[in-house]
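Biologist: I am new to this structure and would like a close look at its salt bridges. Could you take me through them carefully, one pair after another?

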Amino acid sequence: MACPYHSTVPIDTPTVNIDAKLLGKWQKRTSDDETYIITKKDEFNYEILDKEKSPAEGSKPKKYDAFLSVVNGTKFLNLYDESDDTKTYYFYKLDLNDETGGFSLSPVTEYITETFGTSDSLKTYVKANMGLSFFYETKEDYIKVGK
């Protein structure tokens with residue numbers, strides 16, 4: 001899968017409360033090669049640990065921070081590596097599935113050529129284009145594993 005669109009600014013600042021449904025241990029529905037452990041960092045932010053099933057010798061799990069933004073009623077995950085000197089945000093549309101208890105992530109397409117200097121300008125762009133089918137890459141479903 002290609003990398004999603006990235007920016008030096010988030011869609012907006014973290015103001016959406018943690019959704020307890022997202023906390024726990026997750027895997028892609030199509031593969032158990034990686035496990036994602038999502039925990040609460042604070043009232044608005046998540047920590048995500050990306051653990052490979054068979055990591056290369058000496059490699060450590062990847063750690064990310066994330067928060068949700070809501071644009072016209074649609075949730076977007078703003079994901080970044082806090083250890084990077086310059087924050088780079090990656091964006092995913094998030095859909096919760098009440099039937100399965102899981103969720104899906106649709107990466108915002110990497111083919112966006114525009115760059116944004118402010119969150120307001122990025123959010124305006126997302127609002128204007130989020131309904132277009134080519135705005136997203138292939139959706140990936142996630143299922144909860146273990147307790």
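Modeller: Glu52 and Lys62 form a salt bridge, with 3.9 Å between their closest N and O atoms; the term stands for a side-chain nitrogen of Lys or Arg within 4 Å of a carboxyl oxygen of Asp or Glu. Because Glu52 belongs to strand 4 and Lys62 to strand 5, the pair ties together parts that lie 10 residues apart in sequence (strands are DSSP runs of E, at least two residues, and are numbered from the N terminus). Glu52 is partly exposed at 38% relative accessible area, and Lys62 is likewise partly exposed at 39%, where buried means under 20%, exposed over 50% and partly exposed in between, with a 1.4 Å probe and protein chains only.

This is a predicted model, in which local features need pLDDT of at least 70 and side-chain atom pairs count only at pLDDT 80 or more, while totals for chains, interfaces and linings use all residues. Residues are numbered from 1 along each chain as its sequence is written, and side-chain values use heavy atoms, leaving out hydrogens and water.

Lys63 forms a salt bridge with Glu47, their closest N and O atoms being 3.9 Å apart, and this pair links strand 5 (residues 62-71) to strand 4 across 16 residues.

Another salt bridge joins the side chains of Glu82 and Lys41 at 3.2 Å, N to O; Glu82 sits in the loop between strand 6 (74-80) and strand 7 (89-97), and Lys41 in the loop between strand 3 (34-40) and strand 4 (45-52), 41 residues apart. Through shared partners, salt bridges join Lys41, Asp65 and Glu82 into one network.

Conventions
Helices (H or I, at least four residues) and strands (E, at least two) are DSSP runs, numbered from the N terminus.
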